[in-house]
Amino acid sequence: MLKRIFKYKLSYIIAAFVFIAAVLAIALWPRGSKQSDFPLLAPPQQVSTNIMPLDAQMKYSQLIVDATVKEGLTVEENRPSQEEIDALGDKVGAYSTGRVRMSVNEVIYGEPVNEFNLYLTPAMQDCAPDYKPGERFVFILQPYQDGYYTITAVNSIFYVAYDEKVYLASLDEPYMRISGNELQDFKDELRELKAQVPTIAE
């Protein structure tokens with residue numbers, strides 16, 4: 001009788017351990033990334049919020065990259081040049097420029113580059129990601145000074161998740177279809193679009 005009771009108790013104990021182990025395994029098992037893992041950016045307040053479609057961005061892009069933040073955002077105060085003052089008079093004043101140092105994982109389109117400065121205008125600083133070192137993005141870019149800036153404030157920025165999926169910085173149409181796409185598929189789409197649209201140099 002005692003053996004039978006002990007056997008039942010042992011069975012319950014083993015079943016409880018198996019259940020607990022299963023719950024822990026489910027809780028700790030790596031899940032796939034999702035759009036809500038990434039912060040959405042507010043539209044800039046100082047510029048037009050018209051949404052530029054992806055194919056339209058291709059007309060102006062001179063560099064498209066998969067890049068990782070190497071050094072976080074720094075902001076520099078800039079004073080207008082005498083030439084700007086002469087041309088614009090009292091309309092021009094001091095302004096700030098944000099800069100993030102990026103390390104390039106892959107050039108999707110453009111000249112080879114290992115690192116570059118990503119510049120943010122004052123309007124772009126109001127709606128930019130945190131740009132923490134190690135964060136990964138796909139950018140659609142134009143030249144600016146000794147670096148580049150994004151074609152648009154939010155629709156030219158795409159988050160890259162740890163499982164190499166792409167997510168949006170703003171949930172705008174017609175970009176919604178891109179959220180959750182495989183990184184390589186998105187790169188292939190960008191290359192194909194860029195091949196179809198000649199660049200308009202500014």
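1. Basis of the model. This is a predicted model, in which local features need pLDDT of at least 70 and side-chain atom pairs count only at pLDDT 80 or more, whereas totals for chains, interfaces and linings use all residues. Residues are numbered from 1 along each chain as its sequence is written, and side-chain values use heavy atoms, with hydrogens and water left out.

2. Overall fold. The chain has 5 helices and 8 strands, these being DSSP runs numbered from the N terminus (helices H or I, at least four residues; strands E, at least two). Read from the N terminus, the order of the elements is α-α-β-α-β-β-α-β-β-β-β-β-α. Of the contacts between residues at least 6 apart in sequence, 64% join residues at least 24 apart, where contact means heavy atoms within 4.5 Å.

3. Surface and burial. The accessible surface of the chain is about 12,500 Å², and 56% of this belongs to carbon and sulfur atoms; the areas come from the Shrake-Rupley method with a 1.4 Å probe, and for residues only the protein chains shown count as cover. Buried residues account for 37% of the 202 residues, with buried meaning under 20% relative accessible area, exposed over 50%, and partly exposed in between (1.4 Å probe, protein chains only).

4. Pairing around β4. Strand β4 (residues 136-144) runs antiparallel to β5 (residues 147-150), to which 4 bridges join it. Strand β4 is also antiparallel to β6 (residues 157-160), with 3 bridges between them; two strands are taken to pair if DSSP finds at least two bridges between them. Towards β5, Y144 has G147 as its bridge partner and Q142 stands opposite Y149, while towards β6 the partner of V138 is F158.

5. The two sides of β5. In a regular strand the side chains alternate between the two faces of the sheet. In β5, G147 and Y149 point one way and Y148 and T150 the other way, and all are buried.

6. The β4-β5 hairpin. The hairpin has 2 residues between its strands, and Q145 lies in this loop.

7. The cavity. The structure holds 1 cavity of 30 Å³ or more, and the space in the largest cavity is about 60 Å³. On a 1 Å grid over the protein atoms alone, a cavity is a set of points where a 1.4 Å probe fits but cannot get out, and a pocket is an open set with protein on both sides within 12 Å along at least five of seven lines; lining residues have an atom within 4 Å of a point. Grid points are joined across faces, edges and corners, and a volume is the space filled by probe spheres set on the points. The lining of the largest cavity includes L118, M124, C127, Y131, T150 and I157, and strand β3 (residues 115-120) gives the most to it, with 3 residues. By class, this lining divides into 10 nonpolar residues, 1 polar and no charged, where Ala, Val, Leu, Ile, Met, Phe, Trp, Tyr, Cys and Pro count as nonpolar, Asp, Glu, Lys and Arg as charged, and the others, Gly among them, as polar.

8. The second largest pocket. The volume of this pocket is about 170 Å³. Of its 14 lining residues, the closest to the centre are F38, P39, E135, F137 and Y159, and the elements that give two or more residues to the lining are β4 and β6. The lining of the second largest pocket divides into 9 nonpolar residues, no polar and 5 charged.

9. E164, in the loop between β6 and β7, has a positive phi of about 60 degrees although it is not a glycine. E164 is partly exposed because its relative accessibility is 38%. A cis peptide bond, with omega about 5 degrees, joins E173 and P174, and P174 is found in the loop between β7 (165-168) and β8 (181-182).

10. G32. This residue lies in the loop between α1 (2-28) and α2 (54-60) and, at a relative accessible area of 46%, is partly exposed. Leaving aside neighbours within four places in sequence, G32 is in contact with Y162 and D163. The C-alpha atoms of G32 and Y162 are separated by 8.9 Å, although the two residues are 130 apart along the chain.
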